[in-house]
Amino acid sequence: KNIELLEEKRRALFEYAGDAIFILDLEGTILEANENACKSLGYTMEELIGMNVAEIKSPRSAIQVRGLIDALLEKKHLIFEHENRRKDGSVFPVEISTRLIELPDRTVIQSITRDITERKKAEEELKSRTELNKVLMDSLPFAAMIIKTGSQEIIAANKAAIDSGAVPGKTCYASWRAREQPCPGCQASLAWSLDKPQHKEIEIQ
């Protein structure tokens, strides 16, 4: 009875997981899949079972399947990003966590697949904003930097700032003044503490 309860619990976790889950043989044939796997790809369970996992991949991801299975056989666990293809032909990015599972009669592959469309979209938007900020900053005729609150680490700097000694990844005071502590009367510190813009002209030596 305990074995039956454990099997029911495993089945419930399998079916109600938030991610798409596949069980594959070592050739990539889909042996089992949960409902989320079917929904994410637009296939019925009957259609999906028996397909090769390469058939639900974009062309450039499909050609990597055999090599990834070989790598999994060696490492036992892999996490990677791939592109899945729905029944209607549309492609979407996924993050896949795979591991080998040893059953009494054979070894199978468990593949947990997460749709990362929104994450990729956010990364692209951040990249676009960062590139735009860089263009805008570089167009300024004076040194300009983005400094991390508190630590005063330089996150970004325009060409004028870098030419004058600013080093992204270092603090502003270490870059420009070779100091170990913030400069006396630091305008950045005042701006953070007073929550008001500060202005001061200094000469960088």
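## A salt bridge to start with

Arg119 pairs with Glu95 in a salt bridge, with the closest N and O atoms 3.4 Å apart; the term here means a side-chain nitrogen of Lys or Arg within 4 Å of a carboxyl oxygen of Asp or Glu. The two residues sit in distant parts of the chain, Arg119 in helix α6 and Glu95 in strand β4, 24 residues apart. Helices (H or I, at least four residues) and strands (E, at least two) are DSSP runs, numbered from the N terminus.

A word on the ground rules: this is a predicted model, where local features need pLDDT of at least 70 and side-chain atom pairs count only at pLDDT 80 or more, while totals for chains, interfaces and linings use all residues. Residues are numbered from 1 along each chain as its sequence is written, and side-chain values use heavy atoms, leaving out hydrogens and water.

## The rest of the network

Lys120 has a salt bridge to Glu81, and here the closest N and O atoms are 2.7 Å apart. That one also spans distant parts of the chain: Lys120 belongs to helix α6 and Glu81 to strand β3, 39 residues apart. Lys120 meets Glu123 as well, at 3.7 Å from N to O. Those two are 3 residues apart in helix α6, so about one helical turn separates them.

Put together, Glu81, Glu95, Arg119, Lys120 and Glu123 form a linked network of salt bridges. As for accessibility, Arg119 is partly exposed at 34%, and so is Glu81 at 41% (buried is under 20% relative accessible area, exposed over 50%, partly exposed in between; 1.4 Å probe, protein chains only). The count for the model comes to 12 salt bridges.

## The sheet behind it

The open sheet has 5 strands in the order β2-β1-β5-β4-β3, with antiparallel pairing; strands pair if DSSP finds at least two bridges between them. β2 (30–33) and β3 (77–85) are the edge strands, each with a single partner, so one side of each has no neighbour in the sheet. Between β3 and β4 (residues 91–102) there are 9 bridges, and Phe80 stands opposite Ile96 in β4. Helix α6 (residues 117–138) packs on the sheet and touches β3, β4 and β5, a contact being heavy atoms within 4.5 Å.

## A buried serine

Ser61, in helix α4 (residues 59–62), is buried at 4% relative accessible area. A polar atom of its side chain lies 3.0 Å from the backbone nitrogen of Glu83. Not counting residues up to four places away in sequence, Ser61 touches His82 and Glu83.

Terms used. Axes fitted to C-alpha atoms, helices over the stretch in contact; angles between N-to-C directions. Polar contact = N/O pair within 3.5 Å; in protein donor to acceptor, adjacent residues only side chain to side chain.
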